[in-house]
Amino acid sequence: MIQLSKRFVEALQSVLGDGPVGLHEPLFAGNEKAYLQECIDTSYVSSVGPFVDRFESELCSFTGAPFAVAVVNGTEALHVALLLAGVRPGDEVLVPALSFVATANAVYYCGASPHFVDVDEPSLGMDPVALRRWLSSCTRVEGGQLINVYTGSRIRAMIPMHTFGLPCDVEGIEQVANDFGISVVEDAAEALGSYVGSTHVGNFGALGILSFNGNKVITTGGGGAILTSNEQLARRARHLTTTARLQHAWRFVHDEVGFNYRMPNLNAALGCAQLEQVEFFLASKRTLFGLYEDAFRDVPHCVIAREGPGRTSNYWLQTVVLDDAASEQLDEILNACNESGYKVRPAWTLLPDLAPYNRNPKAPLPVASSLTRRIINLPSSADLPIRKSPHWPLDAR
Ligand SMILES: *Cc1c(COP(=O)(O)O)cnc(C)c1O
């Protein structure tokens, strides 16, 4: 056990060579500069422009979503998706305790409360079995609405999240949602390129969202998208994210309080260039997963998180899961790796342990509480497997 942090650093070095190596860096090896130049030359830099339409239509082809609405970031995509799912002030929304803070913040922006539920291993996402047990014990149906008997609030929706790109049990979760009569909004912010069977994630709920922040699989600088198969919801999403302005050649009429959340053309230009390389990014991340799996095979107390059967992970952030016995050495391992130049990081602090959410309703969280002390994300940039190649830097197209 004493040697675990040393074994960990050696395993990283065998894959990555000498440091420093960042956690996740974007790769611009395609048409990024050309498309950005085109925006400037045509003066289409802001919230309308041909790259926005093109990016949306290419997102539809890549994900199989019938409609995609590009917005300023993943957090606001989730905010608007929740509004469209009918979340109103005073409602509760079920959120996995193990997620990035944006998942809970988007609920709060609707005037609603995140209600935290447990996750499972090995998916690291919302656990449908624990969820059904919890809802059976803490809710009643009143006038066709699901009510939390302890708070008296309506539970309107749930947000399964695909952690680090690993697809969660979204079909099992959807079944629970149907049985209890609540909507599903999928937080697929980390999961562009992840599938359950042949269906891209983000297509299971009434609405799904993606993020294109600088650290995600592809980046638009900042950006996000709302996915839906419902044409009316897509039209509402576009309307709400463009200040709810009615179509007119010159008159300014807004029929409700909208948002200025539309993705600018500059960001979409970057997104179009990045999407041209997404297959390469995904293949490269899968290669890196294989290299880590080999390197950590003989390191005790560790497994590399892997996609489940019938599932495809995008392997956005490579993840070691320690066993219980090794969880006490988490800080020592994190220190040793970071001191050796390998940027690794632990899982998020559980959302109900954060100051703004520590009085929110929550289910028992045995698995999330344990996992938050056992997860280590490894350097995951898409170019890592080829950085050592004599052909680097190469054209990723
Ligand atoms: C990145 C992320 C978001 C938010 O995306 P931004 O584009 O950064 O606003 C939401 N949820 C999860 C789980 C994320 O990882």
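Which charged end sits over the ring of Phe-252? In this predicted model, the charged end of Arg-245 takes that place, 3.9 Å from the ring centre. A charge is said to sit over a ring if NZ of Lys or CZ of Arg is within 6 Å of the ring centre and within 35 degrees of the ring normal. Residues are numbered from 1 along each chain as its sequence is written, and side-chain values use heavy atoms, with hydrogens and water left out. Local features need pLDDT of at least 70 and side-chain atom pairs count only at pLDDT 80 or more, while totals for chains, interfaces and linings use all residues.

Aromatic rings come next. Rings of Phe, Tyr and Trp (its six-membered ring) pair if their centres lie within 6.5 Å, with planes under 30 degrees apart counted as stacked, over 60 as edge-to-face and the rest as tilted. In one of them, the ring centres of Phe-8 and Phe-296 are 4.9 Å apart and the planes stand at 70°, so the pair is edge-to-face. Helices here are DSSP runs (H or I, at least four residues), numbered from the N terminus. Phe-8, at 0% relative accessibility, is buried, and Phe-296 is buried at 2%; buried means under 20% relative accessible area, exposed over 50%, and partly exposed in between (1.4 Å probe, protein chains only). Together with Tyr-292, Phe-8 and Phe-296 form one aromatic cluster.

Now to the charged pairs. The whole structure holds 16 salt bridges, each a side-chain nitrogen of Lys or Arg within 4 Å of a carboxyl oxygen of Asp or Glu. Arg-54 takes part in a bridge with Glu-58 (3.1 Å, N to O); the two are four residues apart in helix 3 (residues 50-63), about one helical turn. Arg-54 also meets Glu-276 in a salt bridge (3.2 Å, N to O). Glu-276 lies in the loop between helix 9 (265-275) and helix 10, and Arg-54 in helix 3, so this pair ties together parts 222 residues apart in sequence. Arg-54 is partly exposed at 28%, as are Glu-58 at 26% and Glu-276 at 36%.

A further bridge joins Asp-179 and Arg-132 (3.0 Å, N to O). Asp-179 sits in helix 7 (residues 170-180) and Arg-132 in helix 6 (residues 128-138), 47 residues apart. Asp-179 is partly exposed at 44%, and Arg-132 is partly exposed at 31%. Elsewhere, salt bridges with shared partners join Glu-293, Asp-294, Arg-297 and Arg-306 into one network.
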